[in-house]
Amino acid sequence: MLPPGVWIKCATCGNETYRSAGVVVRALGRPLTDHTAAMVPQAIGCLECGSHEVSVFVAPQKSKIVVAGKSRRCRVCDGFISERFRRSFPKAHFCSLCVSEGRVADEDVVAAFGEAAPGQAYRTMASVFWGDKAQQLHWLRKAAKTGNANALYRLAGILTESNDPADLAECFSAYSRAAMATASKELEFKVCYAEHAVAVRLLWGRGCTRDVGRAIEMMRSAGAKGATRAMRGLGRLFLDGKLVERNLDESYACYRKAYDLSPDDFGDSAAIAFFLLLGIGTEPDEAEGVKVLGHSISKYAAMHDDVWGQRPRFDQDGCLREILVACRVAEGRSAMLPLARRYLHWMAYLRVPQADHLLDRCGGPLPPYQPRWELRLSRCPPEKVKADTWWVQSPVPRSASLTMLGQVEQLPNRVWIATTDAGVPVGETFGSMKDAVVALAAAVGCYVPYVDPLAKRLKRRGMDAPP
Ligand SMILES: [Zn+2]
Ligand SMILES: [Zn+2]
(Lines give C-alpha, C1' and ligand atoms only; values in the text may rest on other atoms or scores of the structure.)
(Ligands and ions follow the chains in the order given, each with its own letter.)
Protein backbone atom coordinates (compact mmCIF):
# COMPACT_ATOMS: atom_id res chain seq x y z
CA MET A 1 0.00 0.00 0.00
CA LEU A 2 1.15 3.52 -0.80
CA PRO A 3 2.30 5.35 2.36
CA PRO A 4 0.65 8.76 2.98
CA GLY A 5 3.91 10.66 2.45
CA VAL A 6 7.35 11.54 3.85
CA TRP A 7 8.93 13.99 6.29
CA ILE A 8 12.08 15.71 5.10
CA LYS A 9 14.33 17.18 7.81
CA CYS A 10 17.20 19.41 6.68
CA ALA A 11 20.59 19.00 8.40
CA THR A 12 21.73 22.41 7.13
CA CYS A 13 18.88 24.79 8.03
CA GLY A 14 16.82 22.57 10.33
CA ASN A 15 13.64 22.98 8.30
CA GLU A 16 11.18 20.07 8.52
CA THR A 17 8.47 19.59 5.94
CA TYR A 18 5.90 16.98 5.08
CA ARG A 19 5.41 15.94 1.47
CA SER A 20 2.47 13.82 0.36
CA ALA A 21 2.96 10.61 -1.60
CA GLY A 22 1.32 12.19 -4.67
CA VAL A 23 3.96 14.92 -4.77
CA VAL A 24 6.84 12.51 -4.03
CA VAL A 25 5.97 9.97 -6.74
CA ARG A 26 5.90 12.79 -9.30
CA ALA A 27 9.34 13.99 -8.17
CA LEU A 28 10.84 10.47 -8.12
CA GLY A 29 9.17 9.26 -11.29
CA ARG A 30 8.36 5.97 -9.51
CA PRO A 31 6.10 4.66 -6.71
CA LEU A 32 6.89 5.64 -3.13
CA THR A 33 8.02 2.67 -1.03
CA ASP A 34 10.44 2.09 1.87
CA HIS A 35 13.03 1.49 -0.84
CA THR A 36 12.43 4.43 -3.18
CA ALA A 37 12.12 6.86 -0.23
CA ALA A 38 15.93 6.64 -0.03
CA MET A 39 15.98 8.59 -3.33
CA VAL A 40 14.24 11.61 -1.75
CA PRO A 41 17.42 13.47 -0.61
CA GLN A 42 18.74 13.61 -4.19
CA ALA A 43 15.40 13.98 -5.98
CA ILE A 44 13.78 16.55 -3.66
CA GLY A 45 16.14 17.68 -0.86
CA CYS A 46 15.36 20.60 1.46
CA LEU A 47 12.52 22.77 0.20
CA GLU A 48 13.81 25.78 2.17
CA CYS A 49 17.55 26.03 1.40
CA GLY A 50 17.92 23.48 -1.42
CA SER A 51 20.44 21.33 0.48
CA HIS A 52 20.56 17.61 -0.23
CA GLU A 53 21.81 16.87 3.31
CA VAL A 54 18.43 15.78 4.64
CA SER A 55 16.96 12.99 6.74
CA VAL A 56 13.89 11.20 5.42
CA PHE A 57 11.11 9.47 7.36
CA VAL A 58 8.15 7.65 5.89
CA ALA A 59 4.65 8.44 7.22
CA PRO A 60 2.62 7.54 9.17
CA GLN A 61 5.01 5.97 11.74
CA LYS A 62 7.97 8.29 11.04
CA SER A 63 9.94 5.24 10.05
CA LYS A 64 13.60 6.14 9.50
CA ILE A 65 14.82 5.76 5.90
CA VAL A 66 17.78 8.13 5.51
CA VAL A 67 19.74 9.84 8.31
CA ALA A 68 21.68 12.88 7.08
CA GLY A 69 25.45 12.42 7.48
CA LYS A 70 25.07 8.84 8.72
CA SER A 71 23.36 6.69 6.13
CA ARG A 72 25.66 4.68 3.93
CA ARG A 73 25.72 4.94 0.16
CA CYS A 74 25.33 2.10 -2.32
CA ARG A 75 28.56 1.06 -4.04
CA VAL A 76 26.61 0.13 -7.14
CA CYS A 77 24.41 3.20 -7.81
CA ASP A 78 25.77 5.69 -5.24
CA GLY A 79 22.27 6.29 -3.85
CA PHE A 80 21.49 6.04 -0.13
CA ILE A 81 20.88 2.61 1.42
CA SER A 82 17.53 2.65 3.22
CA GLU A 83 17.93 2.30 7.01
CA ARG A 84 15.02 -0.14 7.01
CA PHE A 85 16.90 -2.36 4.58
CA ARG A 86 20.05 -2.11 6.72
CA ARG A 87 18.12 -3.54 9.66
CA SER A 88 17.73 -6.82 7.74
CA PHE A 89 21.08 -6.66 5.98
CA PRO A 90 23.41 -4.83 8.38
CA LYS A 91 26.56 -5.35 6.32
CA ALA A 92 25.07 -4.36 2.96
CA HIS A 93 27.13 -2.03 0.77
CA PHE A 94 24.39 -2.08 -1.87
CA CYS A 95 20.82 -0.74 -1.82
CA SER A 96 17.55 -2.63 -2.07
CA LEU A 97 16.71 -0.89 -5.36
CA CYS A 98 19.85 -2.36 -6.94
CA VAL A 99 18.83 -5.76 -5.56
CA SER A 100 15.37 -5.51 -7.14
CA GLU A 101 16.98 -4.53 -10.45
CA GLY A 102 19.20 -7.62 -10.38
CA ARG A 103 22.43 -5.63 -10.06
CA VAL A 104 23.71 -7.43 -6.95
CA ALA A 105 25.30 -10.90 -6.98
CA ASP A 106 23.82 -13.63 -4.78
CA GLU A 107 27.15 -14.07 -2.96
CA ASP A 108 27.05 -10.41 -1.93
CA VAL A 109 23.51 -10.83 -0.59
CA VAL A 110 24.63 -13.79 1.51
CA ALA A 111 27.77 -12.00 2.73
CA ALA A 112 25.77 -8.88 3.70
CA PHE A 113 23.36 -10.95 5.77
CA GLY A 114 26.12 -11.84 8.18
CA GLU A 115 25.38 -15.55 8.50
CA ALA A 116 26.66 -18.49 6.57
CA ALA A 117 23.24 -19.92 5.67
CA PRO A 118 22.34 -18.70 2.16
CA GLY A 119 18.76 -19.97 2.48
CA GLN A 120 18.10 -17.72 5.42
CA ALA A 121 19.61 -14.72 3.60
CA TYR A 122 17.38 -15.26 0.55
CA ARG A 123 14.31 -15.77 2.73
CA THR A 124 15.03 -12.52 4.55
CA MET A 125 15.45 -10.76 1.22
CA ALA A 126 11.97 -12.01 0.26
CA SER A 127 10.53 -10.43 3.41
CA VAL A 128 12.28 -7.13 2.60
CA PHE A 129 10.06 -6.98 -0.49
CA TRP A 130 6.74 -7.73 1.17
CA GLY A 131 3.92 -6.55 -1.06
CA ASP A 132 6.03 -7.12 -4.19
CA LYS A 133 4.97 -10.56 -5.38
CA ALA A 134 7.49 -10.90 -8.20
CA GLN A 135 10.44 -10.11 -5.92
CA GLN A 136 9.10 -12.36 -3.18
CA LEU A 137 8.74 -15.30 -5.55
CA HIS A 138 12.22 -14.65 -6.95
CA TRP A 139 13.92 -14.79 -3.52
CA LEU A 140 11.73 -17.51 -2.02
CA ARG A 141 12.51 -19.75 -4.99
CA LYS A 142 16.22 -19.20 -4.43
CA ALA A 143 15.81 -20.00 -0.73
CA ALA A 144 13.64 -23.03 -1.52
CA LYS A 145 16.43 -24.43 -3.69
CA THR A 146 18.66 -24.54 -0.61
CA GLY A 147 15.96 -26.58 1.17
CA ASN A 148 14.93 -23.82 3.60
CA ALA A 149 11.66 -25.21 4.99
CA ASN A 150 10.19 -21.87 5.99
CA ALA A 151 10.80 -20.50 2.48
CA LEU A 152 9.17 -23.60 0.98
CA TYR A 153 6.10 -23.09 3.15
CA ARG A 154 5.80 -19.41 2.30
CA LEU A 155 6.47 -19.99 -1.38
CA ALA A 156 3.67 -22.55 -1.46
CA GLY A 157 1.39 -20.10 0.35
CA ILE A 158 1.89 -17.45 -2.36
CA LEU A 159 1.42 -19.99 -5.16
CA THR A 160 -1.92 -21.28 -3.82
CA GLU A 161 -3.55 -18.10 -5.16
CA SER A 162 -2.58 -19.03 -8.71
CA ASN A 163 -4.63 -21.03 -11.19
CA ASP A 164 -1.70 -21.80 -13.46
CA PRO A 165 -1.07 -25.60 -13.57
CA ALA A 166 2.72 -25.10 -13.38
CA ASP A 167 2.34 -22.90 -10.27
CA LEU A 168 -0.01 -25.43 -8.67
CA ALA A 169 2.47 -28.25 -9.29
CA GLU A 170 5.25 -26.13 -7.77
CA CYS A 171 2.95 -25.32 -4.84
CA PHE A 172 2.26 -28.99 -4.21
CA SER A 173 5.93 -29.89 -4.38
CA ALA A 174 6.88 -27.02 -2.03
CA TYR A 175 4.25 -28.00 0.54
CA SER A 176 5.37 -31.64 0.29
CA ARG A 177 8.98 -30.69 0.97
CA ALA A 178 7.97 -28.36 3.83
CA ALA A 179 5.91 -31.19 5.34
CA MET A 180 9.04 -33.33 5.54
CA ALA A 181 10.90 -30.76 7.62
CA THR A 182 11.74 -31.73 11.14
CA ALA A 183 9.94 -29.58 13.65
CA SER A 184 12.02 -26.77 15.02
CA LYS A 185 11.47 -23.30 16.37
CA GLU A 186 13.21 -21.54 13.50
CA LEU A 187 10.58 -22.81 11.08
CA GLU A 188 7.98 -20.27 12.29
CA PHE A 189 5.26 -22.61 11.05
CA LYS A 190 3.92 -25.95 12.21
CA VAL A 191 4.93 -28.87 10.04
CA CYS A 192 1.45 -30.36 10.50
CA TYR A 193 -0.04 -27.35 8.64
CA ALA A 194 2.14 -28.14 5.64
CA GLU A 195 1.08 -31.77 5.91
CA HIS A 196 -2.57 -30.73 5.96
CA ALA A 197 -2.02 -28.51 2.91
CA VAL A 198 -0.54 -31.48 1.03
CA ALA A 199 -3.52 -33.63 2.05
CA VAL A 200 -6.07 -31.08 0.80
CA ARG A 201 -4.27 -30.94 -2.57
CA LEU A 202 -4.19 -34.73 -2.85
CA LEU A 203 -7.90 -34.81 -2.01
CA TRP A 204 -8.85 -32.58 -4.95
CA GLY A 205 -5.93 -33.31 -7.28
CA ARG A 206 -4.73 -29.70 -7.26
CA GLY A 207 -1.22 -29.67 -8.71
CA CYS A 208 -0.91 -33.45 -8.31
CA THR A 209 -2.66 -36.73 -9.07
CA ARG A 210 -5.70 -37.27 -6.89
CA ASP A 211 -5.18 -39.81 -4.13
CA VAL A 212 -7.96 -39.85 -1.56
CA GLY A 213 -6.46 -42.73 0.44
CA ARG A 214 -3.12 -41.00 0.84
CA ALA A 215 -4.90 -37.69 1.63
CA ILE A 216 -6.80 -39.28 4.50
CA GLU A 217 -3.61 -40.86 5.82
CA MET A 218 -1.89 -37.49 5.83
CA MET A 219 -4.86 -35.73 7.44
CA ARG A 220 -4.75 -38.26 10.28
CA SER A 221 -1.01 -37.75 10.65
CA ALA A 222 -1.41 -33.94 10.66
CA GLY A 223 -4.24 -34.21 13.16
CA ALA A 224 -2.14 -36.38 15.45
CA LYS A 225 0.45 -33.57 15.43
CA GLY A 226 -2.12 -30.95 16.39
CA ALA A 227 -3.64 -29.64 13.15
CA THR A 228 -7.27 -29.05 14.13
CA ARG A 229 -8.21 -28.08 10.58
CA ALA A 230 -7.11 -31.52 9.39
CA MET A 231 -9.37 -33.28 11.91
CA ARG A 232 -12.27 -31.00 11.06
CA GLY A 233 -11.76 -31.67 7.35
CA LEU A 234 -11.66 -35.39 7.94
CA GLY A 235 -14.82 -35.24 10.04
CA ARG A 236 -16.58 -33.43 7.21
CA LEU A 237 -15.45 -36.06 4.67
CA PHE A 238 -16.97 -38.88 6.69
CA LEU A 239 -20.15 -36.88 7.27
CA ASP A 240 -20.62 -35.85 3.61
CA GLY A 241 -19.92 -39.35 2.33
CA LYS A 242 -19.00 -38.04 -1.13
CA LEU A 243 -15.33 -38.98 -1.46
CA VAL A 244 -15.38 -41.73 1.16
CA GLU A 245 -18.15 -43.93 2.50
CA ARG A 246 -20.35 -42.14 5.00
CA ASN A 247 -19.39 -43.00 8.57
CA LEU A 248 -21.08 -40.99 11.33
CA ASP A 249 -19.18 -42.61 14.20
CA GLU A 250 -15.89 -41.81 12.48
CA SER A 251 -17.07 -38.28 11.74
CA TYR A 252 -17.97 -37.69 15.38
CA ALA A 253 -14.60 -39.10 16.50
CA CYS A 254 -12.74 -36.68 14.20
CA TYR A 255 -14.72 -33.64 15.35
CA ARG A 256 -14.20 -34.78 18.92
CA LYS A 257 -10.44 -34.79 18.31
CA ALA A 258 -10.58 -31.26 16.86
CA TYR A 259 -12.62 -30.15 19.88
CA ASP A 260 -10.13 -31.73 22.30
CA LEU A 261 -7.33 -29.84 20.55
CA SER A 262 -9.17 -26.49 20.65
CA PRO A 263 -12.01 -26.56 23.20
CA ASP A 264 -12.31 -22.76 23.09
CA ASP A 265 -13.01 -22.62 19.37
CA PHE A 266 -16.70 -21.78 19.04
CA GLY A 267 -17.08 -23.74 15.82
CA ASP A 268 -15.49 -26.93 17.16
CA SER A 269 -17.51 -26.81 20.38
CA ALA A 270 -20.73 -26.10 18.45
CA ALA A 271 -20.07 -29.16 16.28
CA ILE A 272 -19.72 -31.41 19.34
CA ALA A 273 -22.82 -29.87 20.93
CA PHE A 274 -24.97 -30.55 17.85
CA PHE A 275 -23.68 -34.15 17.56
CA LEU A 276 -24.61 -34.74 21.22
CA LEU A 277 -27.98 -32.94 21.13
CA LEU A 278 -29.12 -34.60 17.91
CA GLY A 279 -27.52 -37.98 18.70
CA ILE A 280 -25.51 -38.21 15.48
CA GLY A 281 -22.55 -40.64 15.54
CA THR A 282 -22.93 -40.93 19.31
CA GLU A 283 -25.56 -41.52 21.97
CA PRO A 284 -27.69 -38.39 22.57
CA ASP A 285 -26.54 -36.59 25.70
CA GLU A 286 -28.58 -33.44 26.33
CA ALA A 287 -26.85 -32.46 29.58
CA GLU A 288 -23.35 -32.57 28.06
CA GLY A 289 -24.61 -31.05 24.80
CA VAL A 290 -26.14 -28.06 26.60
CA LYS A 291 -22.95 -27.53 28.57
CA VAL A 292 -20.72 -27.51 25.47
CA LEU A 293 -23.22 -25.39 23.52
CA GLY A 294 -23.30 -22.83 26.34
CA HIS A 295 -19.53 -22.56 26.13
CA SER A 296 -19.60 -22.08 22.36
CA ILE A 297 -22.30 -19.39 22.66
CA SER A 298 -20.29 -17.55 25.32
CA LYS A 299 -17.25 -17.50 22.99
CA TYR A 300 -19.45 -16.29 20.14
CA ALA A 301 -20.99 -13.61 22.38
CA ALA A 302 -17.53 -12.36 23.37
CA MET A 303 -16.66 -11.84 19.71
CA HIS A 304 -20.08 -10.38 18.91
CA ASP A 305 -19.90 -7.83 21.75
CA ASP A 306 -16.34 -6.96 20.82
CA VAL A 307 -17.22 -6.28 17.18
CA TRP A 308 -20.35 -4.27 17.93
CA GLY A 309 -18.92 -2.36 20.90
CA GLN A 310 -21.59 -0.37 22.68
CA ARG A 311 -24.58 -2.26 21.31
CA PRO A 312 -26.73 -4.29 23.69
CA ARG A 313 -24.90 -7.41 24.81
CA PHE A 314 -25.70 -10.66 23.06
CA ASP A 315 -28.33 -12.57 25.07
CA GLN A 316 -26.56 -15.91 25.63
CA ASP A 317 -29.26 -17.62 27.70
CA GLY A 318 -31.91 -16.59 25.19
CA CYS A 319 -29.83 -17.97 22.33
CA LEU A 320 -29.29 -21.29 24.12
CA ARG A 321 -33.03 -21.62 24.81
CA GLU A 322 -33.87 -20.87 21.18
CA ILE A 323 -31.42 -23.46 19.82
CA LEU A 324 -32.92 -26.14 22.06
CA VAL A 325 -36.32 -25.21 20.62
CA ALA A 326 -34.85 -25.42 17.09
CA CYS A 327 -33.58 -28.94 17.84
CA ARG A 328 -37.18 -29.99 18.47
CA VAL A 329 -38.79 -28.23 15.50
CA ALA A 330 -39.77 -30.79 12.89
CA GLU A 331 -37.73 -30.89 9.66
CA GLY A 332 -39.27 -28.61 7.05
CA ARG A 333 -40.95 -26.30 9.62
CA SER A 334 -39.56 -23.05 10.90
CA ALA A 335 -40.06 -20.84 13.92
CA MET A 336 -39.23 -17.25 14.92
CA LEU A 337 -35.92 -17.71 16.71
CA PRO A 338 -33.89 -14.54 15.97
CA LEU A 339 -31.00 -15.10 18.42
CA ALA A 340 -30.48 -18.70 17.35
CA ARG A 341 -30.67 -17.56 13.73
CA ARG A 342 -27.89 -15.02 14.22
CA TYR A 343 -25.63 -17.54 15.97
CA LEU A 344 -26.39 -20.40 13.58
CA HIS A 345 -25.82 -18.16 10.58
CA TRP A 346 -22.21 -17.91 11.70
CA MET A 347 -21.90 -21.59 12.49
CA ALA A 348 -23.28 -22.51 9.06
CA TYR A 349 -20.81 -20.07 7.51
CA LEU A 350 -18.02 -21.94 9.37
CA ARG A 351 -19.51 -25.15 7.95
CA VAL A 352 -20.26 -26.63 11.36
CA PRO A 353 -22.17 -29.90 10.78
CA GLN A 354 -25.97 -29.64 11.25
CA ALA A 355 -25.80 -25.85 11.63
CA ASP A 356 -27.42 -25.38 8.21
CA HIS A 357 -30.32 -27.74 9.04
CA LEU A 358 -30.93 -26.01 12.36
CA LEU A 359 -30.63 -22.61 10.63
CA ASP A 360 -33.38 -23.59 8.17
CA ARG A 361 -35.69 -24.16 11.12
CA CYS A 362 -34.97 -20.59 12.31
CA GLY A 363 -35.77 -18.89 9.00
CA GLY A 364 -32.60 -19.63 7.00
CA PRO A 365 -29.47 -17.52 6.46
CA LEU A 366 -29.58 -13.80 7.28
CA PRO A 367 -29.92 -11.44 4.29
CA PRO A 368 -26.50 -10.61 2.78
CA TYR A 369 -24.59 -7.60 4.04
CA GLN A 370 -25.21 -4.54 1.86
CA PRO A 371 -22.00 -2.58 1.32
CA ARG A 372 -22.12 1.22 1.22
CA TRP A 373 -22.89 2.24 -2.31
CA GLU A 374 -20.54 5.18 -2.84
CA LEU A 375 -16.79 5.72 -2.84
CA ARG A 376 -15.54 6.52 0.62
CA LEU A 377 -13.14 9.38 1.31
CA SER A 378 -11.08 9.62 4.48
CA ARG A 379 -8.41 12.07 5.54
CA CYS A 380 -4.98 10.75 4.72
CA PRO A 381 -2.09 12.88 6.14
CA PRO A 382 -0.76 12.13 9.64
CA GLU A 383 -2.08 14.16 12.56
CA LYS A 384 -0.97 17.80 12.83
CA VAL A 385 -0.12 17.96 9.13
CA LYS A 386 -2.43 20.40 7.38
CA ALA A 387 -2.98 19.11 3.89
CA ASP A 388 -6.03 18.48 1.76
CA THR A 389 -5.19 14.83 1.02
CA TRP A 390 -7.72 11.99 0.99
CA TRP A 391 -7.69 8.22 0.76
CA VAL A 392 -10.24 6.98 -1.75
CA GLN A 393 -11.73 3.62 -0.94
CA SER A 394 -14.22 1.46 -2.77
CA PRO A 395 -17.00 -0.29 -0.82
CA VAL A 396 -16.64 -3.29 -3.12
CA PRO A 397 -13.47 -5.37 -2.79
CA ARG A 398 -11.72 -5.61 -6.15
CA SER A 399 -9.10 -8.30 -5.70
CA ALA A 400 -8.73 -10.15 -2.38
CA SER A 401 -10.41 -7.52 -0.17
CA LEU A 402 -8.44 -4.74 -1.82
CA THR A 403 -10.61 -1.68 -1.43
CA MET A 404 -8.05 1.14 -1.45
CA LEU A 405 -7.97 2.94 -4.79
CA GLY A 406 -5.39 5.60 -4.00
CA GLN A 407 -5.08 9.23 -2.93
CA VAL A 408 -6.33 12.59 -4.20
CA GLU A 409 -5.09 15.94 -2.96
CA GLN A 410 -5.33 19.64 -3.53
CA LEU A 411 -2.01 21.39 -4.23
CA PRO A 412 -1.27 24.93 -2.95
CA ASN A 413 -2.19 26.31 -6.40
CA ARG A 414 -5.74 24.93 -5.88
CA VAL A 415 -5.56 22.19 -8.55
CA TRP A 416 -6.17 18.55 -7.66
CA ILE A 417 -3.98 15.52 -8.42
CA ALA A 418 -4.73 11.80 -8.15
CA THR A 419 -2.36 8.88 -7.49
CA THR A 420 -3.20 5.17 -7.52
CA ASP A 421 -2.47 2.95 -4.54
CA ALA A 422 0.35 1.39 -6.58
CA GLY A 423 1.97 4.85 -6.68
CA VAL A 424 1.18 5.74 -10.30
CA PRO A 425 0.07 9.31 -11.12
CA VAL A 426 -3.32 9.59 -12.83
CA GLY A 427 -3.54 12.14 -15.67
CA GLU A 428 -2.29 15.69 -15.11
CA THR A 429 -4.30 17.97 -12.83
CA PHE A 430 -8.01 18.36 -12.13
CA GLY A 431 -10.22 21.33 -11.39
CA SER A 432 -12.18 19.70 -8.57
CA MET A 433 -12.07 16.90 -6.04
CA LYS A 434 -14.85 15.15 -7.92
CA ASP A 435 -12.93 15.10 -11.22
CA ALA A 436 -9.82 13.75 -9.46
CA VAL A 437 -11.75 11.00 -7.66
CA VAL A 438 -13.66 9.94 -10.78
CA ALA A 439 -10.45 9.82 -12.86
CA LEU A 440 -8.68 7.79 -10.15
CA ALA A 441 -11.51 5.27 -9.92
CA ALA A 442 -11.67 4.88 -13.70
CA ALA A 443 -7.87 4.44 -13.87
CA VAL A 444 -8.04 1.37 -11.63
CA GLY A 445 -11.22 -0.01 -13.20
CA CYS A 446 -13.58 0.77 -10.34
CA TYR A 447 -17.08 1.90 -11.30
CA VAL A 448 -18.62 2.73 -7.95
CA PRO A 449 -20.32 6.15 -8.03
CA TYR A 450 -18.79 9.24 -6.45
CA VAL A 451 -21.13 11.29 -4.30
CA ASP A 452 -19.99 14.69 -3.19
CA PRO A 453 -20.22 15.43 0.53
CA LEU A 454 -23.20 17.81 0.14
CA ALA A 455 -25.33 15.18 -1.61
CA LYS A 456 -24.33 12.70 1.10
CA ARG A 457 -25.61 15.05 3.81
CA LEU A 458 -28.90 15.46 1.95
CA LYS A 459 -29.18 11.69 1.68
CA ARG A 460 -28.67 11.29 5.39
CA ARG A 461 -31.61 13.61 5.95
CA GLY A 462 -33.69 11.48 3.63
CA MET A 463 -33.93 14.15 0.93
CA ASP A 464 -32.29 12.15 -1.82
CA ALA A 465 -32.16 8.47 -2.62
CA PRO A 466 -29.09 6.57 -3.85
CA PRO A 467 -29.13 5.80 -7.59
ZN1 LIG B 1 17.50 23.36 4.46
ZN1 LIG C 1 22.05 0.98 -5.40
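The legends below describe close-up views of a predicted model.

In this predicted model, local features need pLDDT of at least 70 and side-chain atom pairs count only at pLDDT 80 or more, while totals for chains, interfaces and linings use all residues. Residues are numbered from 1 along each chain as its sequence is written, chains are lettered from A and ligands numbered from 1 in the order in which they are written, and side-chain values use heavy atoms, with hydrogens and water left out.

**View 1. The protein chain as a whole.** The protein chain has 20 helices and nine strands. Helices (H or I, at least four residues) and strands (E, at least two) are DSSP runs, numbered from the N terminus. Along the principal axes, the C-alpha atoms fill a box of roughly 80 × 65 × 35 Å. The chain has 467 residues, of which 47% count as buried. Buried means under 20% relative accessible area, exposed means over 50%, and partly exposed lies in between (1.4 Å probe, protein chains only). Among the contacts with a separation of 6 or more, 46% are between residues 24 or more positions apart. Contact means heavy atoms within 4.5 Å.

**View 2. Packing of helix α9 against helix α10.** Helix α9 covers residues 165-179 and helix α10 residues 191-204; the two pack at an angle of about 145°, with their axes 8 Å apart. The axes are lines fitted to C-alpha atoms, for helices over the stretch in contact, and angles run from 0 to 180 degrees between N-to-C directions. The crossing of α9 past α10 is left-handed, a term for the near helix being turned anticlockwise from the far one by less than a right angle (right-handed if clockwise). On the α9 side, the contact is made by Cys171, Phe172, Tyr175, Ser176, Ala178 and Ala179. On the α10 side, their partners are Val191, Ala194, Glu195, Ala197, Val198, Arg201 and Leu202. By class, this contact of α9 with α10 has 10 nonpolar residues, one polar and two charged. Here Ala, Val, Leu, Ile, Met, Phe, Trp, Tyr, Cys and Pro count as nonpolar, Asp, Glu, Lys and Arg as charged, and the others, Gly among them, as polar.

View 3. Strand β6 (residues 389-393) is mostly covered, with four of its five residues buried. Strand β5 (residues 376-379) pairs with β6 in the antiparallel sense over four bridges. Two strands pair if DSSP finds at least two bridges between them. Trp391 stands opposite Gln407 in β7. In a regular strand the side chains alternate between the two faces of the sheet.

**View 4. The salt bridge between Lys62 and Glu16.** The closest N and O atoms of Lys62 and Glu16 are 2.8 Å apart, and the two residues form a salt bridge. Lys62 lies in the loop between β3 (54-58) and β4 (63-66) and Glu16 in strand β2 (residues 16-20), so the pair ties together parts that are 46 residues apart in sequence. A salt bridge is a side-chain nitrogen of Lys or Arg within 4 Å of a carboxyl oxygen of Asp or Glu. By this rule the model has 15 salt bridges. Lys62 is partly exposed, at 39% relative accessible area, and Glu16 is also partly exposed, at 35%.

**View 5. The salt bridge between Glu250 and Arg220.** The side chains of Glu250 and Arg220 meet at 3.2 Å, N to O. Glu250 belongs to helix α13 (residues 248-261) and Arg220 to helix α11 (residues 212-224), so this pair links parts that are 30 residues apart in sequence. Glu250 is partly exposed, with a relative accessible area of 25%, and Arg220 is partly exposed at 37%. Elsewhere, salt bridges that share partners join Arg30, Glu101 and Arg103 into one network.

**View 6. Surroundings of Ala270.** Ala270 is placed in helix α14 (residues 266-278). With a relative accessibility of 0%, Ala270 counts as buried. Apart from neighbours within four places in sequence, Ala270 is in contact with Ser296, Tyr343, Met347 and Val352. Ala270 and Val290 are 20 residues apart in sequence, and their C-alpha atoms are 10.0 Å apart in space.

**View 7. Surroundings of Ser63.** Ser63 is in strand β4 and counts as buried, at 15% relative accessibility. Leaving out neighbours within four places in sequence, the contacts of Ser63 are Val56, Phe57, Val58 and Arg84.
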